[in-house]
Amino acid sequence: MPRSRRSSRSDSRGDSARGASRSSGSGGGFRRGAGTGGPADEDALITDQAEFDDFCQRARDARLVAFDTEFVSESTYRPELCLMQFSSAGETVGADPFELTDLTPWWDLMTDDRTTVIVHGGQAEVKFCLEATGQAPRRLVDVQLAEGLRSTSYPLGYDALVQRVLNVRAPKGSQTRTDWRRRPLSADQLSYALRDAEFLPKIWEIQRKDLQQRGRTSWAAAEFVRFVRNLAEDHRREPHERLSGLSKLSRRDLAVAKEVALWRQAEAEEKNRPVRRILRDDLVIDLAKRQPETEEQLTAPRDMNRGDIRRSAEEILAAIERGKLVPEEELPQRVRREGPDKNPDEHVLGQLLGIALSSLCNEHEVARTIAGTAKDLRELVRWHTAGRPEGVEVPLLATGWRKELCGQLLTDLLDGEIAMRVADTKGDHPLSFEKS
């Protein structure tokens, strides 16, 4: 998971931010030197639209920029963007989205095909981009992922990564309880936030050279694309597809769950509250199974006997009724249960391959959690033992750099063509693989 975004989420924003404007002759001058770790200059926070537009143009000209955000999310429908931090061409600055009237210059830059955008654990940054533009970044680099392709450490927190790659220690002090919506931001708060962007270009420069020497540049590029693609696919999912517990539902139940989830999302957006504050996932699943027809039936369970539910009873019951009326031929398909396989042989084989995969990743300095999960291993076992059927998606471990690293060896292990044995209990790599 990405690092904490350090917010205690108070409801008050306080005073508006006012950053000192730079002289007109500064021409993209120095705010805070990238990688210096020093305090922020008084004008390190951009609050003027023209100045923001100018910075975005300079970053576009440099073709490389680091990006980080601070936000709050516990009390609103969508996470609230509170601060944007950038580092490009030796200039590290923050931008105040509460003061700026148009963030389009940045989102245009983030989605163009010529500017590399560097992030660390950048799920939130990608999601903000998708929400603002409907488009995914096209040249994203995530240094957290990159580190996992040249070491076994993943996910590595930002401060730990800075110390590991640059041998720079984080300054003492913390802003973990900061409410990033409050203004004005103190110099300490701004310096703390800017630090999350300022070292990223230098980290990526070192990582990129090392990955190139290891012959893993294409590995990193593929993982960055996959990272963004997965987030974009999740962004496009319908509200009911985000529910946990869907595998327990029949097709008719799924139709009801879909309608209730749509109502929940519309209600959350209208009231600007998180969707699960409106109605928890497990309660949506329960309604889909019970399909109550009256307010009394609706509010019978203890967790449903709430004032807000009673006030929305008519709308919820109408959503349930819409789901019940969906024609049979239009019902959603059942959702396959994800989890440990019922076939004990597949489960045992997956565990065996997991031991082999861990050994290979340690030997080749790749994070096991990036290379393959338990689910990936089960899919490989199922696909390979079924004779690699046509028309079935090829498992992740049998494609791309993973196949190069371990996929062929794992399938050879399944076929009995390779034997795994303990070679040296005191060595760094105690397991060895030998042709049978």
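A residue is called buried if its relative accessible area is under 20%, exposed if over 50%, and partly exposed in between, with a 1.4 Å probe and protein chains only. This is a predicted model, in which local features need pLDDT of at least 70 and side-chain atom pairs count only at pLDDT 80 or more, while totals for chains, interfaces and linings use all residues. Residues are numbered from 1 along each chain as its sequence is written, and side-chain values use heavy atoms, leaving out hydrogens and water.

I begin with the cysteines. A disulfide is a pair of cysteine sulfur atoms within 2.5 Å, and by this rule the count is zero. C361 takes part in no disulfide, and the nearest cysteine sulfur, which belongs to C406, is 6.1 Å away. C361 is buried, at a relative accessible area of 1%. How accessible is C406? C406 also counts as buried, with 1% relative accessibility.

Let me turn to the strands. Helices (H or I, at least four residues) and strands (E, at least two) are DSSP runs, numbered from the N terminus. Strand β5 covers residues 116-119, and both of its faces are covered. T116 and I118 lie on one side, V117 and V119 on the other, and all of them are buried.

Which strands pair with β5? Pairing requires that DSSP finds at least two bridges between two strands. Strand β2, residues 64-72, runs parallel to β5 and is joined to it by three bridges; here V65 stands opposite V117. Strand β6, residues 140-142, also pairs with β5 in the parallel sense, over three bridges, and I118 stands opposite V141. From β5 the chain passes through helix α3, residues 123-133, to reach β6 in a right-handed β-α-β crossover. Right-handed here means that, with the strands pointing away from the viewer, the path from the first strand over the helix to the second runs clockwise.

My last topic is R251, found in helix α9, residues 251-271. R251 is partly exposed, at 26% relative accessible area. Contact means heavy atoms within 4.5 Å. Leaving aside neighbours within four places in sequence, R251 is in contact with E328, L331, P332, Q333 and R334. R251 and E328 are 77 residues apart along the chain, yet their C-alpha atoms are separated by 8.8 Å.
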